[in-house]
Amino acid sequence: MAETYGYIRVSTKEQNEERQVIALDVFGVNKDKTYTDKQSGKDFERPQYKRLMRKLKSGDTLVVKSIDRLGRNYDEILEQWRYITKEKQAYIVVLDMPLLDTRRSNDLTGTLIADIVLQLLSYVAQTERENIRQRQAEGIAAAKARGVKFGRRPKPKPPEFTVLREKYLAGDISARAAAKHLGITHVTFIRWVSQKQCG
């Protein structure tokens, strides 16, 4: 007998899955047939999703509220979609996007529409990822141009550094001995000595 399963995903334990629970409940998915993961959608290495895939069989239906609940990586979503619909021969229903309801795509037109929508979503998601990376790079470049420093703050030089620097330059102490006294590596000590500003 064919079963209907629900899948819910939230990115963190703090996020609330209630909206997804209500949507699946309204659709008619039993709570005991709903699987929930509380982790990132970057890949499909999720325990409850894997359990669900082991249960899902030909003729079953998988219901999700929106396509991004399956995952964030659209290349992998396309692969999972193919696996579920072609290999498992199960149906998928995406509640927020009625075009992505493979129960109605037994005909060629329905299948074609679902595939086109998925490919379009994949393209849009990939473009958005690239735009975000470009905006980040532009933002970093603009911040650097304004003099904003990135990375760890430089370690403050201890007050006794100036005295030890003078001793080192006079040949009265080795870099390693001075560094040991300051509790730093001799590489850091030499770098500090070579800097024009001391303090």
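Mentor: In this predicted model, helix α6 (residues 161-169) packs against helix α8 (residues 186-194) at an angle of about 90 degrees, and their axes lie 11 Å apart. Helices here are DSSP runs of H or I with at least four residues, numbered from the N terminus. Axes are lines fitted to C-alpha atoms over the stretch in contact, and angles run from 0 to 180 degrees between N-to-C directions. The helices α6 and α8 are therefore roughly perpendicular to each other; that term covers 65 to 115 degrees, while under 35 counts as roughly parallel, over 145 as roughly antiparallel and the rest as oblique.

On the α6 side, Phe-161, Leu-164, Arg-165, Tyr-168 and Leu-169 meet Phe-189, Trp-192 and Val-193 of α8. By class, this contact of α6 with α8 has seven nonpolar, no polar and one charged residues. Ala, Val, Leu, Ile, Met, Phe, Trp, Tyr, Cys and Pro count as nonpolar, Asp, Glu, Lys and Arg as charged, and the others, Gly among them, as polar.

Helix α6 also packs with helix α7 (residues 175-182), at an angle of about 170 degrees and with axes 10 Å apart. That makes α6 roughly antiparallel to α7. Here Phe-161, Leu-164 and Tyr-168 of α6 are in contact (heavy atoms within 4.5 Å) with Ala-175, Ala-178, His-181 and Leu-182 of α7. The contact of α6 with α7 has six nonpolar, one polar and no charged residues.

Residues are numbered from 1 along each chain as its sequence is written, and side-chain values use heavy atoms, leaving out hydrogens and water. As the model is predicted, local features need pLDDT of at least 70 and side-chain atom pairs count only at pLDDT 80 or more, whereas totals for chains, interfaces and linings use all residues.

Definitions and conventions
Helix = DSSP H or I, 4+ residues; strand = E, 2+ residues; numbered from the N terminus.
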